[in-house]
Amino acid sequence: MITNRILSAWLILLTTTLIVYVFYQESKSTEAKQSQVVASTSDFAGNGFVAKPFRIPDSLSFAGEKLPLHISDVRERIDRELQINSYLHSSTLFIMKRANRWLPVIDSVLQAEDIPSDFKYLPLIESALLNVVSPKEAAGFWQIVKPAGKEYGLEITKEVDERYDVVKASRAACAYLKEAHRKFNNWTLAAASYNRGMSGLQKAIENQKVNSYYDLFLNDETARYVFRMVAMKEIIENPERYGFDIKKEELYKPELVRYIEVRETIKDLPQFALQQQTNYKTIKRLNPWLREDYLPVKKGKVYKIALPNS
């Protein structure tokens, strides 16, 4: 009887020991898995996903005028735009892709009109090179409002809106910038006036009795305006420095097109597109200035319609 009791006690002790051992081993396994998760998270943080500020270059300029980086608020303002646009990854990435297609076109107009090449970055911050319409009804890459567009020679009707024609809109923008440069005798102020307006900027200059953009106290949008252009210029020209690894083949290429002259009304643009061995979507995409599905043509008027050259 005593022997049976001793045997039972030993069996209970052995069973308890085994249970404790199994529990201990499972605890160690769980702890190891948790350690792996922590290590994995650390690796994730160490592989480029920790936000860090990009260094401000020693020298930056716009249209031949150096930014006075020794002024503390100037340095902070360009720092802000560099960091914001560097970390707007998807947005800036697609701007860079579109820029490969459109900047050569815009730059060729600027050169022909004797406007500094840095102004090609203006439509990037205005519209991201998209044919968008603002709440103030400014339209196209250059975000031109209807009265200004007409003043600088663009046709704007229900059927035709040349604010969406990148070449003609670029010429209109150049006409404005030339006028602004004549008024302010400074390209940076001319750029700021594109946002604030010439009269608004002139009033600020007179009230504050300074004539440098970098010395003026302006509304937030205009105060950021030139810095946004400079930041975009810096990032586009030095993508790797700001964490962008884009292969040449990943950039959007300019589309090859041919033009036909149209001297008579087109009553049905979808049918016209089929006759040209293309489709309505392609016609509208290559000619966003066509605003309806027909095109009235007045006597003596000639339009050039882009078609795919393939």
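Trainee: How many salt bridges does the count come to in this structure?

Mentor: The count comes to 13 salt bridges, and these are read from a predicted model. Side chains of opposite charge can pair when their charged atoms come close. One of the pairs is formed by the side chains of Arg-55 and Asp-58, with 3.4 Å from N to O, and both Arg-55 and Asp-58 are exposed.

Trainee: Which residue forms a salt bridge with Glu-81, and which parts does the pair tie together?

Mentor: The partner of Glu-81 is Arg-224, and their closest N and O atoms are 2.7 Å apart. Because Glu-81 belongs to helix α2 (residues 72–87) and Arg-224 to helix α9, the pair ties together parts that are 143 residues apart in sequence. Glu-81 counts as buried because its relative accessibility is 1%, whereas Arg-224, with a relative accessible area of 22%, is partly exposed.

Trainee: Are Asp-118 and Lys-233 buried or exposed?

Mentor: Both Asp-118 and Lys-233 are buried, and they form a salt bridge whose closest N and O atoms lie 3.0 Å apart. This pair links distant parts of the chain, 115 residues apart, with Asp-118 in the loop between α3 and α4 (122–127) and Lys-233 in helix α9.

Trainee: At what angle do helix α3 and helix α9 pack?

Mentor: Two packed helices are described by the angle between their axes and the distance between the axes. Here helix α3 (residues 89–112) and helix α9 (residues 220–237) pack at about 70°, with their axes 11 Å apart, and α3 and α9 are therefore roughly perpendicular to each other. Thr-92, Ile-95, Met-96 and Ala-99 of α3 make the contact with Met-232, Ile-235 and Ile-236 of α9, and the residues of this contact divide into 6 nonpolar, 1 polar and no charged.

Notes
Residues are numbered from 1 along each chain as its sequence is written. This is a predicted model: local features need pLDDT of at least 70, side-chain atom pairs count only at pLDDT 80 or more; totals for chains, interfaces and linings use all residues. Side-chain values use heavy atoms; hydrogens and water are left out. Axes are lines fitted to C-alpha atoms, for helices over the stretch in contact, and angles run from 0 to 180 degrees between N-to-C directions. Helices (H or I, at least four residues) and strands (E, at least two) are DSSP runs, numbered from the N terminus. Angles under 35 degrees count as roughly parallel, over 145 as roughly antiparallel, 65 to 115 as roughly perpendicular and the rest as oblique. Contact means heavy atoms within 4.5 Å. Ala, Val, Leu, Ile, Met, Phe, Trp, Tyr, Cys and Pro count as nonpolar, Asp, Glu, Lys and Arg as charged, and the others, Gly among them, as polar. A salt bridge is a side-chain nitrogen of Lys or Arg within 4 Å of a carboxyl oxygen of Asp or Glu. Buried means under 20% relative accessible area, exposed over 50%, partly exposed in between (1.4 Å probe, protein chains only).
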